[in-house]
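Please examine the sequence and the structure shown below. A briefing on selected features follows.

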Number of protein chains: 2
Amino acid sequence: PKPANTAAPAPGQVTTGPIRGSRKVYSSPDGHPDIRVPFREIALDPSANEPPLRVYDTSGPYTDHTASIDVRTGLPKLRSAWLAKRGLAPTTARTIRPEDNGGAEGSYLVQPCPAPHTVLKGVEGKPVTQYEFAKAGIITEEMIYVAHRENMGRQKALDEAAAQLKDGNSFNAALPEFVTPEFVREEIARGRAIIPANINHPELEPVVIGRNFLVKVNANIGNSAITSSAADEVEKLVWSIRWGADTVMDLSTGRNIHNIRDWILRNAPTPIGTVPLYQALEKVGGDVSKLNWDVFRDTLIEQAEQGVDYFTIHAGVRLQHVPLTASRVTGIVSRGGSIMASWCLNGHRESFLYEHFEDICDIMRAYDVSFSLGDGLRPGSIADANDAAQFAELETLGELTKIAWAKGCQVMIEGPGHVPMHKIKENMDKQLRECDEAPFYTLGPLTTDIAPGYDHITSAIGAAMIGWFGTSMLCYVTPKEHLGLPDRNDVKTGVITYRIAAHAADLAKGHPGAKLRDDALSRARFSFRWEDQFNLSLDPDTACAYHDETMPRDAHKTA
Amino acid sequence: PKPANTAAPAPGQVTTGPIRGSRKVYSSPDGHPDIRVPFREIALDPSANEPPLRVYDTSGPYTDHTASIDVRTGLPKLRSAWLAKRGLAPTTARTIRPEDNGGAEGSYLVQPCPAPHTVLKGVEGKPVTQYEFAKAGIITEEMIYVAHRENMGRQKALDEAAAQLKDGNSFNAALPEFVTPEFVREEIARGRAIIPANINHPELEPVVIGRNFLVKVNANIGNSAITSSAADEVEKLVWSIRWGADTVMDLSTGRNIHNIRDWILRNAPTPIGTVPLYQALEKVGGDVSKLNWDVFRDTLIEQAEQGVDYFTIHAGVRLQHVPLTASRVTGIVSRGGSIMASWCLNGHRESFLYEHFEDICDIMRAYDVSFSLGDGLRPGSIADANDAAQFAELETLGELTKIAWAKGCQVMIEGPGHVPMHKIKENMDKQLRECDEAPFYTLGPLTTDIAPGYDHITSAIGAAMIGWFGTSMLCYVTPKEHLGLPDRNDVKTGVITYRIAAHAADLAKGHPGAKLRDDALSRARFSFRWEDQFNLSLDPDTACAYHDETMPRDAHKTA
């Protein structure tokens, strides 16, 4: 391969600065001046006689014009003081080995991020995970933080909260008029929500994922065999959260993945997810037959120590499920699913992930890495939606959910895929039933197979619907899905498209505060306050540019 | 204003040639060799061992490599022989007046299309409209044509038709396993479907619009005060039908609209719709208070003689409805609705469209112009969805539907607008109930207001859902909605996005043949037949280009 760009990212290599027409503000919950929750405030034209509109903000310090960003020193460790009080033990970190970086050496090796990082580990007998704290009746700082964040910093319920909830249809979810820290605790203890928050990710601005909270969006990044540099990956992270990604999955493969992940985590204000199986496979030279529990276990510890907040674990792909895919139109399309099915068939043996599931739980609990139970048998086409293979795996995921809870872990469940509209609710309802309302985290679903190049749209239709029906987080799909690697524009299009789907779902559920932004924008539109209309939109730059193509003169913006 | 481009379009000024990887074919129903229905056939790689896939084709002769296209002579008049047998009377056409073209003269005047055009008019006591023929038990050539078209040229039902219908959920629609001409006749007689087919539009390739048929898509074109040329407008038509628009509305205003409409109609294989109120207003110098029945009546006749297939008539905006909009966030956003509300308030009088509704019916019947009963009070924001004003108008539209049927006219009903997901079904169900299942023709609906620049997506979510619930035709929305005028790329994006929504709806309803294309594409995907995957997609050019950005080498397309 060509020499990689192994240079360390420089401070100016990531996108910084406020989003058009807005500024970053911080707000603290009553009685917690040490907890500072970020929002964006969009100022409106004086003629509107309206206060600035406050909106949820995923973008981290990068959009704070007062912040000094240097990716070499990493983000402020805002959780360190909270974690320090929990009796966690600093532990001797696992030694980094050449295979962690795919054997990259010398000029091929990306240097690790120089930001300081102390590795912590939970102690037996003391709560470590948000689930354990919740079960013990303890409200963590993370719970207080996300409650304030979900409320948009309001200190009490909106006057119209009850009316909005009544007007919506949440399909028996239990959205509250106002989110209290105690409500968050109850939802986590019930298994109905998670706060993915590895104790080794102190830079995290906590996020809650659950059907009784705002619908969240995940974006995928990752280097490939062709291109890889730490600067590129950190910029992909910063770019995707700028436009609204709540969490980011690093799906990197190939060389330097350990060190690139280091740069990502030390600079990530959002939860970071990974698929450890990918790196484990790299460590055995890409030979599926050589995968084993030891290399997988080693990889879990490696990534948990770095601070990864959730792991996709494909433990639901059991040997007995594989034959169910034989008559499918598109077989097994999940990469993790293919790897595990191949491993099982190779030697006709039960999945080592399934057999070692309790061991996996013990490791993940020790760092509070949340489970994202992978749907390795998700349908890859309309024809295969909701079939025996998919549902058999989903039933296994339900069984594993209860084991993980018993082990003190936080759990969410991954979902499809390709599903026509009339089968989406069936899928959602089965997930709620089998997994006892553990958060569902779906890819799309795509509602038709016939539009490659537009699969952000085929899937936004399904995503909005399944979000409405009860999905907690939507994994974005870009226009390049099925065709190639997304570029910067594709990532932005994917994130904005999925913010639309998530918001449409929040509106339909009757989320008490969701309509405030729609109403503010519609008032601006009706009053021809063009600048306000742009700035209140999900993508002010594009809205303004489109307007200016037709009517470039300023006069048209204030008419 | 700047001198318009008044040049007549030249033959090479419109886009011609086959869509990538496909060719035009014609198929005749058994026993009707004179009826030639167009389709596209997509040839697959020999390794697939599959016959070419036949798909519905809206693109007209422009994609037929054997056709010789000259916009000055217009398209072949394939309906003339059918119409000749119906006892229609050639009539002396209304004289074209300067005000028909906005007073354009000399070098400002676009010359009319030189294609020959004989004006026909129905005779009292003999059936003229498809509705009247259907009621009389007579199956027209148009009915035979659309039956064959809906069946994709198949001469019998698919083996799996019953199973597909059973698998879907059509919300009590009555999709047949196979569409017979008699079924079409029954649906039209029942008022549940229309074939917009002015007797003065012999170039038309007939299309059926109804909830028991494939969901259709409309695209809007139209010149503006800034740009106008006949060549531009004909190309917009050709471009939008190339990508899948089933009907096209010409929303032109300003000068030369009569003559530009002439060019459009003589070159349109699809039904053309207009809003006659716009031209009537031009004729009175844009002064709403001067609008009256005489100028409106004159405009109806003018456009009916040209061959417009359906008219948007805002007869549901009654004086008594206007106060219901007072407390809205976005008042009245429909242009036709605003004009009529203003007219009613100006002098506190009942709408002349409502009062002359039976007269309007008599004119439209005489040429078989279908009604598209306009929703002048459609909501312009989430806040105003399904409110008293909207529903009061919808109830009036139901009343008018029955009057139009009694007068022998074909009718469809226009719908919103901006509606959050949880209120879409209520809207659809009320329309079915109030209008006795007359076809619903909706704009979107947009499921959130917060994404200007992406309203093709906010609305595709709503369009797919309402199409599933029972809407017969979806009016596209482009990325420029609310912001500016769509360009060529925006039109294509809008049409493809709406083809996705329509197809997702067909799949969910369990349309017997809808899944054939998804399955063919998914098989191609699973076999890495890249060329087949591109060619089977809604936009082969974009799919191929996106693929090549990442993996340009041919080797990757045949791996």
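Which hand does the crossing of H13(B) and H14(B) have? The crossing of H13(B) and H14(B) is right-handed, a term for a near helix turned clockwise from the far one by less than a right angle, anticlockwise being left-handed. This is a predicted model, in which local features need pLDDT of at least 70 and side-chain atom pairs count only at pLDDT 80 or more, while totals for chains, interfaces and linings use all residues. Residues are numbered from 1 along each chain as its sequence is written, chains are lettered from A and ligands numbered from 1 in the order in which they are written, and side-chain values use heavy atoms, leaving out hydrogens and water.

**Helix pair within chain B**

- Helix H13 (residues 388-406) and helix H14 (residues 424-434) of chain B have axes that come within 9 Å and cross at roughly 30 degrees; helices are DSSP runs of H or I with at least four residues, and strands are runs of E with at least two.
- H13(B) and H14(B) are therefore roughly parallel to each other, the word for angles under 35 degrees, whereas over 145 is roughly antiparallel, 65 to 115 roughly perpendicular and the rest oblique.
- Axes are lines fitted to C-alpha atoms, for helices over the stretch in contact, and angles run from 0 to 180 degrees between N-to-C directions.

**Helix pair between the chains**

- Helix H15 (residues 455-469) of chain A and helix H16 (residues 488-509) of chain B have axes that come within 10 Å and cross at roughly 40 degrees.
- H15(A) and H16(B) are therefore oblique to each other.
- Ile457(A), Thr458(A) and Ile461(A) of H15(A) make the contact with Thr497(B), Ile500(B) and Ala501(B) of H16(B), where contact means heavy atoms within 4.5 Å.

**Sheet of chain B**

- Three strands of chain B form an open sheet in the order S1-S2-S3, with antiparallel pairing; two strands pair if DSSP finds at least two bridges between them.
- The edge strands, each pairing on one side only, are S1 (22-27) and S3 (53-56) of chain B.
- S1(B) is joined by six bridges to strand S2 (residues 37-42) of chain B, and Ser22(B) stands opposite Ile42(B) in S2(B).
- Helix H3 (residues 141-150) of chain B lies across S1, S2 and S3 of chain B, at about 15 degrees to S2(B).
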